[in-house]
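Take a look at the model below.

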Amino acid sequence: MSAVNERLRHTYGGTLGSDTVTRTVERVHHRFDGRPIRDFIPVLVERYAREELRTPA
C-alpha cells in the first residue's frame, strides 16, 4: 500500500494534505479486509481512494 499512498500523496497531497490522503487510503484498504483474493486489492484501493479524493467533501 505504500506505493499507492505515495502516488496519491504526490497527486493530491498538495491540495488535500498528506494526512487526508493516507487516511483515505487506509479506510479504503480496510474495506477489503477478509476478502479471499488479495491480488488486485492495491489496484482497487488506488481506484476507489482516487475517486474519493477527487470528490469534494
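## Ground rules

A residue is buried when its relative accessible area is under 20%, exposed when over 50%, and partly exposed in between, using a 1.4 Å probe and protein chains only. By that rule Val25 counts as buried, because its relative accessibility is 4%.

This is a predicted model, in which local features need pLDDT of at least 70, side-chain atom pairs count only at pLDDT 80 or more, and totals for chains, interfaces and linings use all residues. Residues are numbered from 1 along each chain as its sequence is written, and side-chain values use heavy atoms, with hydrogens and water left out.

Helices are DSSP runs (H or I, at least four residues), as strands are (E, at least two), and they are numbered from the N terminus. Contact means heavy atoms within 4.5 Å.

## The nonpolar core

A nonpolar core is a set of buried Ala, Val, Leu, Ile, Met, Phe, Trp, Tyr and Cys residues joined through side-chain atoms within 4.5 Å. The largest one here has 11 residues. They are Val4, Leu8, Tyr12, Val21, Val25, Val28, Phe32, Ile41, Val45, Ala49 and Leu53. Which helix gives the most? That is α3, with four residues.

Val25 lies in α2. Leaving aside neighbours within four places in sequence, Val25 touches Val4, Asn5, Leu8, Val45 and Ala49.

## α1 against α3

Axes are lines fitted to C-alpha atoms, for helices over the stretch in contact, and angles run from 0 to 180 degrees between N-to-C directions. α1 and α3 pack at about 5°, with axes 10 Å apart. That makes α1 roughly parallel to α3. The cut-offs are these: under 35 degrees is roughly parallel, over 145 roughly antiparallel, 65 to 115 roughly perpendicular, and the rest oblique.

From α1 come Val4, Arg7, Leu8, Thr11, Tyr12 and Leu16, and they meet Pro42, Val45, Glu46, Ala49, Arg50, Leu53 and Arg54 in α3. The residues of this contact divide into eight nonpolar, one polar and four charged. Here Ala, Val, Leu, Ile, Met, Phe, Trp, Tyr, Cys and Pro count as nonpolar, Asp, Glu, Lys and Arg as charged, and the others, Gly among them, as polar.

## α2 against its partners

The axes of α2 and α3 come within 9 Å and cross at roughly 130°. That makes α2 oblique to α3. The crossing is right-handed. A crossing is right-handed if the near helix is turned clockwise from the far one by less than a right angle, and left-handed if anticlockwise. On the α2 side are Thr20, Val21, Thr24, Val25, Arg27, Val28 and His29; on the α3 side are Ile41, Val45, Tyr48, Ala49, Glu52 and Leu53. By class, the contact of α2 with α3 has eight nonpolar, three polar and two charged residues.

Now turn to α1 and α2. Their axes come within 7 Å and cross at roughly 140°. α1 is therefore oblique to α2. This crossing is right-handed. Val4, Asn5, Leu8, Arg9, Tyr12, Gly13 and Leu16 of α1 meet Ser18, Thr20, Val21, Thr22 and Val25 of α2. Their classes are six nonpolar, five polar and one charged.

Is Glu46 buried or exposed? At 14% relative accessibility, Glu46 counts as buried. Glu46 sits in α3 (residues 41-54). Not counting residues up to four places away in sequence, Glu46 touches Val4, Arg7 and Leu8. Thr24, in α2, is buried too, with a relative accessible area of 5%. Apart from neighbours within four places in sequence, Thr24 contacts Ala49, Glu52 and Leu53.

Arg47, in α3, is partly exposed at 49%. Val43, also in α3, is exposed, with a relative accessible area of 56%. The C-alpha atoms of Val43 and Val4 are separated by 8.2 Å, though the two are 39 residues apart along the chain.
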